[in-house]
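Biologist: Please take a close look at one part of this model for me. I would like the salt-bridge story, and then what surrounds it in your account.

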Amino acid sequence: KSISFVGSNQAGEHIWNSGNAHGKRCQINMAAKNHGVIMPDADPTHAVNALVGAAFGAAGQRCMALSTLVLVGSAKELLPDLIAKAKNLVVSGGFDPKADIGPLISVAAKQRVEALIA
């Protein structure tokens, strides 16, 4: 009845076209974007803590770093708490015990982040 796929653009486009040609509902997540989906009945504290860890842990440089968030229905009310928690993260050196986010792994990674927020 349906197809769900996470992977490259080339494979995703092929799967989408083939699935649609066969009347399938397709959920195609291309370019390796990791999504977090929060439903309205989620525990607010747990959801915010999990999202912050998933998005910013390891300075967002691990392969499973969360880059996209879908807040379903009233779950959108968590957004101000999520923003506040993210703003209060401590960015510092990797050996600083107070650091929530350590350094980036390379000059290229730093330039990428600067381009994203510019």
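Modeller: A search of the whole structure, which is a predicted model, finds 1 salt bridge. It joins the side chains of Glu114 and Lys110, with 2.9 Å from N to O. Both residues sit in helix H4, residues 107-117. They are 4 residues apart, about one turn of the helix. Glu114 has 39% relative accessibility, so Glu114 counts as partly exposed. Lys110 is at 44% and therefore also counts as partly exposed. The limits behind both calls are under 20% for buried and over 50% for exposed.

Now a buried polar residue. Asn29 lies in strand S2, residues 25-30. Its relative accessibility is 13%, so Asn29 counts as buried. The side chain of Asn29 makes a polar contact of 3.2 Å with the side chain of His35. Setting aside neighbours within four places in sequence, Asn29 touches Phe5, Val6, Gly7 and His35.

Next, the surface. Val37, Met39 and Val70 make a nonpolar patch of about 240 Å². Of these, Val37 belongs to strand S3, residues 35-38.

Last, another helix. H1 covers residues 9-21, 13 residues in total. From first C-alpha to last, H1 reaches 18 Å. That is close to the 18 Å expected at 1.5 Å a residue. Gly23 follows H1 and has a positive phi, near 75°.

Definitions and conventions
Residues numbered from 1 in each chain as written. Predicted model: local features only at pLDDT ≥ 70, side-chain atom pairs only at ≥ 80, totals over all residues. Heavy atoms only, no water. Patch = residues over 30% accessible without salt bridge, like charges linked within 9 Å, V, L, I, M, F, W, Y side chains within 5 Å. Areas by Shrake-Rupley, 256 points an atom, 1.4 Å probe, with all protein chains shown as cover. Salt bridge = Lys/Arg side-chain N within 4 Å of Asp/Glu carboxyl O. Helix = DSSP H or I, 4+ residues; strand = E, 2+ residues; numbered from the N terminus. Buried < 20%, exposed > 50% of the residue type's maximum accessible area, 1.4 Å probe, protein only. Polar contact = N/O pair within 3.5 Å; in protein donor to acceptor, adjacent residues only side chain to side chain. Contact = heavy atoms within 4.5 Å. Expected span 1.5 Å × (residues − 1).
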